[in-house]
Amino acid sequence: MATLSLTCSLPLQPPSSSQSQSPRKLIDSIVSTPFQYSSSSTTSSNGSLKPIVVDGDPPTFVSAPGRRIVAVGDLHGDLDKARCALETAGVLSSDGQSLWIGGETVLVQLGDILDRGEDELAILSLLKSLDIQAKAHGGAVFQVNGNHETMNVEGDYRYVDNGALDECIDFLEYLDKCERNWEEAFVSWCAVSARWKQDRKVSQNYWAQWNLVKRQKGVIARSILMRPGGPLACELARHGVVLKVDDWLFCHGGLLPHHVAYGLERLNREVSRWMKGPSEKDDSPQIPFIATRGYDSIVWNRLYSRDGPELENYQLEQVQYLLEETLQSVGAKAMVVGHTPQPMGVNCKYNCRIWRIDVGMSRGVLDSSPEVLEIRDNKARAIRSTRDRSSELQVADYT
């Protein structure tokens, strides 16, 4: 098991609220941005927080003593909403300079950055840039892959926006300008993508009759980037499909007992190996069905996000039993998932043992106001951006 010390996790306790079968909406008041936190036993002898320690490759278990954790749900190619969500989380500067201002915060993004929007690579680039900056300040940025990441690596482009295909073409040209230096091109893409998009749209107005050819070129460019072994697929392979930060479990769809029995590090490793493509050790890595395919796979599971009259009381009890068994088996207090848009916003269920944070913020989904989940001092709460009052946030009491 690989272990990497970055520069910090916090054991968190489950909420003690009474059981409720209906999800709890956790936004009700407006306050100024409150992003200070404290710790005691989680500090080292010199007063600084203890280092972040990461186990697994891709990261699977993270110890981040005393740190504030923020989680962001599905972004689906909407760079403006992604920036707003990160600003709401208190980790991204609002001056357009893409600076990390989260200090020692740990940021977790829950996947589905791809599809339904046109700025996918720019968002991935932004998160990569923020991760580099965060590590220099004692923080970290983690991602877990969702079903739309695995679909694209598999070559399923049904939900790809035409603008995203254009972005793939633009990025490959930019990569050439960077003399094929992937790290340089990828990290800096978020800073230059808007200019490339503007130049492209001017060109498209003149060459409108060639749009079909342009789309075909875009599909080829996307395949070069995202097929197993492609440079972007290898970038995605750096992230797993499940992540445990202290006592909190993060995944896109939902973890079940048989996933735990299979092994979390094994799941992450096999998905990563498939995304990296053939190698000398494995000339034909298979798609890990248990993690990436099927209604009960980690990235497709919606069991914990279903509400309404379609579930009887005995079914709700069964779901809660599976959730409790899963959490106990990995020593987690709660699970945070995305995948299924929540029209009512970030909410929790089953005594707040499950948090659903996909609010459909992308214009390609529900075009809702960005919301994030903040976890600190063993408690969690939702924070929502208010567009008409940029200096204020809607927050709820910790639960």
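Predicted model: local features only at pLDDT ≥ 70, side-chain atom pairs only at ≥ 80, totals over all residues.
Local features are taken only where pLDDT is at least 70 and side-chain atom pairs only at pLDDT 80 or more, while totals for chains, interfaces and linings use all residues. Residues are numbered from 1 along each chain as its sequence is written, and side-chain values use heavy atoms, with hydrogens and water left out.

The protein chain holds eleven helices and 16 strands, both being DSSP runs numbered from the N terminus (helices: H or I, at least four residues; strands: E, at least two). Of its 399 residues, 56% are buried, that is, under 20% relative accessible area, with a 1.4 Å probe and protein chains only.

On to the cysteines. There is one disulfide, meaning a pair of cysteine sulfur atoms within 2.5 Å. The bond links C348 and C352, with S to S at 2.0 Å. C348 is buried at 1% relative accessibility, and C352 is buried at 1% too. C84 also counts as buried, at 16%, as does C190, at 10%.

Helix 3, spanning residues 147-154, is mostly covered, with seven of its eight residues buried. Among them are H148, M151 and V153. The buried residues of this helix pack against helix 6 (211-226), helix 7 (231-236), helix 9 (264-276) and helix 10 (289-292), where contact means heavy atoms within 4.5 Å. Just past the end of helix 3, G155 adopts a positive phi of about 95 degrees.

Note on methods
Buried < 20%, exposed > 50% of the residue type's maximum accessible area, 1.4 Å probe, protein only.
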